[in-house]
Amino acid sequence: MLYINPDQFILKPAFATIHCEPNWKWRKRDKPMPNYDLFYVWNGEGKVVLNDKPYNVEKGHCFLFKPGDLTTAIHNPQNPLILTYIHFDITETPRLVPPAHRIIENTIIFESLLTQYVRLFLVKTFGAEIEAKLILKQLMIHLLREELEKEEQINDMSNRLSETIREIANFIQQHPGEPHTIESLATRANLSQRYFSEKFKQIIGQTVKSYILHTRIKRAEHLLHFTGMTVTETAYALGYNDLHFFSRQFKKYTGKNPSEVR
């Protein structure tokens with residue numbers, strides 16, 4: 001709806017801000033939703049079922065029901081819903097449509113727009129229909145903006161996590177002889193051990209332990225081949241106290257004994 005011209009909105013007479021009565025409920029309709037319905041909860045608590053999917057709702061919950069949707073709703077009589085609904089249609093099929101359900105974060109701006117829309121038609125207001133269409137377009141933009149900003153935040157968090165994990169992998173490569181543990185590395189990354197291990201494997205392609213061992217053996221190959229260090233010196237430099245254990249791991253990964261590389 002980002003690219004819909006305000007003139008293409010068709011306003012319907014069904015709109016209001018209401019304090020729902022204690023026995024209020026939306027029963028299942030014989031026919032699905034005939035048009036669009038912007039439905040916003042100001043206060044209270046209840047449950048909306050949209051196309052068989054239930055939502056527990058309270059302040060800030062917003063729905064954009066679309067033509068063809070099946071909806072029912074109930075609320076807590078001790079904490080009744082206060083809501084605004086605005087029905088409308090569009091003259092053409094929109095390319096970009098807000099999600100069916102959204103929890104509004106910036107409620108002040110959104111509620112101000114809803115209030116202004118409803119007030120326009122309480123009395124005869126000059127240019128009411130034109131302004132209402134502009135407000136409706138703003139409401140749609142607001143819903144789309146929150147969706148896109150949320151996606152950007154998720155992507156940003158994902159990028160930061162990826163950078164953190166790669167920094168840890170680089171740290172392991174730079175210090176192959178240190179006694180790395182999942183606990184110490186997870187602490188360095190400021191993550192829980194389980195989450196760190198899961199994301200490390202997902203991003204690096206190896207488990208933490210496998211990566212540490214692979215890094216040590218690659219470094220051992222270099223030291224043995226280029227520096228002239230003995231097998232014992234190499235094993236000690238990379239944190240191995242058991243020469244036989246080092247030799248077994250080395251052969252397992254390279255197919256050769258350490259003495260064959262030196």
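Reader: Which residue in strand 7 stands opposite Lys47?
Author: This is a predicted model. Strand 4 covers residues 46-50 and strand 7 covers residues 71-75, and the two pair in the antiparallel sense over five bridges. In strand 7, the residue opposite Lys47 is Ile74.

Reader: In what order do the four strands of the open sheet lie?
Author: Strands of a sheet pair through backbone hydrogen bonds, either parallel or antiparallel. Here the pairing is antiparallel, and the order is 2-7-4-5.

Reader: What is the angle between the planes of Tyr40 and Phe110?
Author: The count of aromatic pairs comes to 19. One of them is formed by Tyr40 and Phe110, with 5.5 Å centre to centre. Planes under 30 degrees apart would count as stacked and over 60 as edge-to-face, the rest being tilted. The Tyr40 and Phe110 pair is tilted, at 55°.

Reader: How many residues apart in sequence are the parts that this pair ties together?
Author: Tyr40 lies in strand 3 (residues 36-43), while Phe110 lies in helix 1 (residues 107-120). Tyr40 is buried, with a relative accessible area of 0%, and Phe110 is buried with a relative accessible area of 0%. The pair ties together parts that are apart in sequence by 70 residues.

Reader: Where do Phe196 and Phe200 both lie?
Author: Phe196 and Phe200 form a tilted aromatic pair, 5.7 Å centre to centre with 55° between the planes. Both residues are buried. They are four residues apart, about one turn of the helix, and both lie in helix 4 (residues 193-204).

Reader: Are helix 3 and helix 4 roughly parallel or roughly perpendicular to each other?
Author: Helix 3 (residues 182-189) and helix 4 pack with their axes 9 Å apart, at an angle of about 90°. Angles of 65 to 115 degrees count as roughly perpendicular. Helix 3 and helix 4 are therefore roughly perpendicular.

Reader: Which residues of helix 4 make the contact with helix 3?
Author: On the helix 3 side, the contact is made by Ile182, Glu183, Leu185, Ala186 and Ala189. On the helix 4 side, it is made by Gln193, Phe196 and Ser197.

Reader: Which ring does the charged end of Arg188 sit over?
Author: The distance from the charged end of Arg188 to the ring centre is 3.8 Å. The ring belongs to Phe171.

Conventions. Residues numbered from 1 in each chain as written. Predicted model: local features only at pLDDT ≥ 70, side-chain atom pairs only at ≥ 80, totals over all residues. Heavy atoms only, no water. Pairing = 2+ DSSP bridges. Phe/Tyr/Trp six-rings, centres within 6.5 Å; stacked < 30°, edge-to-face > 60°. Buried < 20%, exposed > 50% of the residue type's maximum accessible area, 1.4 Å probe, protein only. Lys NZ or Arg CZ within 6 Å of the ring centre and 35° of its normal. Axes fitted to C-alpha atoms, helices over the stretch in contact; angles between N-to-C directions. Parallel < 35°, antiparallel > 145°, perpendicular 65-115°, else oblique. Contact = heavy atoms within 4.5 Å.
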